[in-house]
Amino acid sequence: MEPIKVTFLGTSGSVPQKDKNFASVLLAYRGDSLLFDCPEGTQRQLMASEHSLMSVKNVFISHMHADHFLGLFGWISTMTLNQRKEKLTIFSPKSGKEKITKIMREVIFPSFPIEFKEIKKGNLMKNEFFEVRAFPLKHEIACYGFVFKEADKKGEFNRAKAESLGIPPGPLYSKLVNGEKVKVGTKTFTQKDVMDYTKKREGRKIVLVADTRPVKETIAEARGAALLVHEATFLDKQKEKAIEALHSTAKEAGEIAKKAKVRKLALFHFSARNTEETEILEEAKKEFANVIVSKELETIIL
Ligand SMILES: [Zn+2]
Ligand SMILES: [Zn+2]
């Protein structure tokens, strides 16, 4: 299986901390790098990671609070100095394009095209290997969670069988795998002749949830996910504050993971009030055992 790498470029919410950057995540899969939120400091964290800051083609901004998108400008400036030519696509909620272009207008003249796409509930992008979709969260302003879903594997190509049928190795094999009919001599072959469907596998799912109160949509979207990344700004003893500021507690994140039956939960977006990692971890663990408190530049490989 191709690895899916999830790197925490930062883990702090609202304000940076002396040992923590603002929360954002880089997901790398099959040579593609997807960036989820781009707060201040993201470009330096990308430099410190194993990923190149030039390699990202798609950025997903969960919402237009400053701690989730102010890093776009410095990063775009650096890529312009590096003479990037490749298009960058920025997905953001409705007001995003206007706000981002307004800030950029007088100071940044990108060397590459930037395409803006408005985030709406549902599919945002899809290729042969994966898709990304969005679902609404509950925060002060419009905010979205994201589902990265690897394409399901229908089965595995059975080379020995193809050879035994007399199909010559080469481009015909990929045609068959991709569902095309292939003619060899007088015989016509289809995908089912050369596929071992017992090797089918459902694609892995990773769900990323930034600022929000706990919502039932997360439970539905994250059902069976390989990994749920969920904010845990507050602790249970600060629940009133969480309700008021429309954030979640570590306990609530654990409850969501339990209900969704995910395989692993990673907490992030921590308040500067909560610096005791074990306190956060223990609280979530009471609800859901396989949980981690994400660390700066930590990478989870799935
Ligand atoms: Zn935030
Ligand atoms: Zn926010």
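Helices here are DSSP runs of H or I with at least four residues, strands are DSSP runs of E with at least two, and both are numbered from the N terminus. "Buried" means that 20 or more other C-beta atoms lie within 10 Å of a residue's own; 12 or fewer makes it exposed, anything in between partly exposed, with C-beta atoms placed from the backbone.

A word on what you have open: this is a predicted model, in which local features need pLDDT of at least 70 and side-chain atom pairs count only at pLDDT 80 or more, while totals for chains, interfaces and linings use all residues. Residues are numbered from 1 along each chain as its sequence is written, and chains are lettered from A and ligands numbered from 1 in the order in which they are written.

Now step off the end of H10 to Lys261, where phi is positive, near 55°.

Next, jump to strand E2, residues 24-29, another mostly covered element with 5 of its 6 residues buried. Show its neighbours on either pairing. Strands count as paired if DSSP finds at least two bridges between them. E1 (residues 4-10) pairs with E2 in the antiparallel sense over 6 bridges; select Val6 and you'll find it opposite Leu27 in E2. E3 (residues 32-36) is also antiparallel to E2, over 5 bridges, and here Val25 has Phe36 as its bridge partner. E2 and E3 make a hairpin with 2 residues between them, and Arg30 in the turn has a positive phi of about 50°.

Finally, zoom out. The protein holds 11 helices and 18 strands, and its C-alpha trace spans about 75 × 50 × 30 Å along the principal axes. Of the 302 residues, 41% count as buried. Colour by domain, with bounds from an automatic or database domain assignment: domain 1 is 4-152 + 204-301, and domain 2 is 156-198. How many Å apart are the C-alpha centres of domain 1 and domain 2? They lie 42 Å apart.
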